[in-house]
Amino acid sequence: MSSLEKIKHTVQTTAEAIADALKIEVEIADSNLVRVASTGMYKEQCGDVMADGFVYKYVLDTGNTVIIENPGAHELCKPCPRIGNCCESGEIAAPIMLGDKTVGVIGLIGFDAAQAKQLMDNKEWIVQFLVKMAELIANNLSAEIVDSDKSSLDLNLETLEKEAIIKALEEVSGNTGSKDKAAKLLGISRATLYRKLKEYEIE
C-alpha cells in the first residue's frame with residue numbers, strides 16, 4: 001500500500017474540495033500510478049492503475065509541474081493510445097513531494113473549452129495553488145509517518161476554499177475591480193465571492 005493510499009480519505013476530501021473551489025475536475029495518483037482520488041468522470045476509476053498516465057509518469061520521474069494546453073498534441077501525449085481521441089481539453093499536473101521524493105501527482109483536468117480556458121488563462125496562480133495543495137497532502141503524509149496510529153488530519157472544504165479565495169485576491173490586488181477579477185478567476189459570481197468574504201472574514 002502506498003503512502004497516499006494510507007491517507008486515502010484525506011486525499012479524496014482534498015480532491016473534492018479543490019474541484020468545488022475551482023470548478024475543475026481533480027485526480028490524484030500515487031507513485032505507482034494508481035488513481036487514489038478523483039472527482040467527476042474519473043471518480044469510478046479510483047483504485048485503478050492509470051495505463052495511459054504518461055504525463056503523470058513524467059511528473060513522478062522529474063518532480064516537475066506540467067501544463068498541457070492541447071492534450072493529444074503535446075510531446076508527452078504521443079505514446080497514449082487515446083492520442084487523437086482524447087476527452088480532455090487541458091491539464092495541469094504537479095508533484096506531491098515528501099522531502100526530496102515524489103510520492104504522487106495532483107492534476108487538474110478540463111473536459112470542455114470553458115474549463116480549458118479557465119485553466120490556461122489563470123495557469124500561473126493555479127499552479128501556485130496546486131503546489132500549496134500538494135504541500136497540504138504531504139503534511140498529512142508527514143503526520144501519518146510520525147504517528148501511524150494517529151488518525152489522518154482531514155482537510156476541510158472551508159480551509160481549502162478560503163485559501164483559494166485569498167490566493168485569487170492576492171493575484172489581482174491593486175487592479176481596478178479586483179474583486180470582480182478574483183470572482184472570475186475562481187469561476188464564481190461576484191455575489192458568491194462577497195458572501196464567502198464575509199463568511200470567512202477576509203478583508
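Tutor: A pocket is an open set of grid points with protein on both sides within 12 Å along at least five of seven lines. The structure above is a predicted model. In this model the second largest pocket holds about 210 Å³ of space.

Student: What makes a residue part of the lining of the second largest pocket, and which residues are they?

Tutor: A lining residue has an atom within 4 Å of a point of the pocket. H4 has the largest share, with four residues.

Student: How is the lining of the second largest pocket divided by class?

Tutor: It has three nonpolar, three polar and four charged residues.

Student: What is known of the largest pocket, its volume and its lining?

Tutor: Its volume is about 350 Å³. It is lined by 25 residues, and Tyr42, Asp52, Cys80, Arg82 and Glu88 lie nearest its centre. By class the lining has 15 nonpolar, three polar and seven charged residues. Helix H3 (residues 54-62) gives the largest share, three residues.

Student: What makes the pair of Glu161 and Lys196 a polar contact?

Tutor: The side chains of Glu161 and Lys196 come to 3.0 Å in this contact. The limit for a pair of N or O atoms is 3.5 Å, and one must be able to donate a hydrogen and the other to accept it. The pair therefore counts as a polar contact.

Student: Why are Lys23 and Glu201 put in separate accessibility classes?

Tutor: Lys23 has 39% relative accessibility, which lies between the limits of 20% and 50%, so Lys23 counts as partly exposed. Glu201 has a relative accessible area of 71%; exposed means over 50%, so Glu201 is exposed.

Student: Where do Lys23 and Glu201 lie, and what is the phi of each?

Tutor: Lys23 is in the loop between H2 and S1, and its phi is near 60°, a positive value in a residue other than glycine. Glu201 lies in the segment after helix H8 (190-199), with a positive phi near 55°.

Student: How do you know that the length of helix H2 is close to what is expected?

Tutor: H2 (residues 8-22) has 15 residues, and 21 Å separates its first C-alpha from its last. The expected span is 1.5 Å times one less than the number of residues. That gives 21 Å for H2, and the model is close to this value. Eleven of the 15 residues are buried, including Val11, Ile18 and Leu22.

Student: What makes S1 and S2 a pair of strands, and what joins them?

Tutor: Two strands pair if there are at least two bridges between them. S1 (residues 25-30) and S2 (residues 35-38) have three, in the antiparallel sense, so they pair. Ile28 stands opposite Ala37 in S2. Four residues lie between the strands of this hairpin, and Leu33 in the turn has a positive phi of about 65°.

Notes. Residues are numbered from 1 along each chain as its sequence is written. This is a predicted model: local features need pLDDT of at least 70, side-chain atom pairs count only at pLDDT 80 or more; totals for chains, interfaces and linings use all residues. Side-chain values use heavy atoms; hydrogens and water are left out. Buried means under 20% relative accessible area, exposed over 50%, partly exposed in between (1.4 Å probe, protein chains only). Helices (H or I, at least four residues) and strands (E, at least two) are DSSP runs, numbered from the N terminus. On a 1 Å grid over the protein atoms alone, a cavity is a set of points where a 1.4 Å probe fits but cannot get out, and a pocket is an open set with protein on both sides within 12 Å along at least five of seven lines; lining residues have an atom within 4 Å of a point. Grid points are joined across faces, edges and corners, and a volume is the space filled by probe spheres set on the points. Ala, Val, Leu, Ile, Met, Phe, Trp, Tyr, Cys and Pro count as nonpolar, Asp, Glu, Lys and Arg as charged, and the others, Gly among them, as polar.
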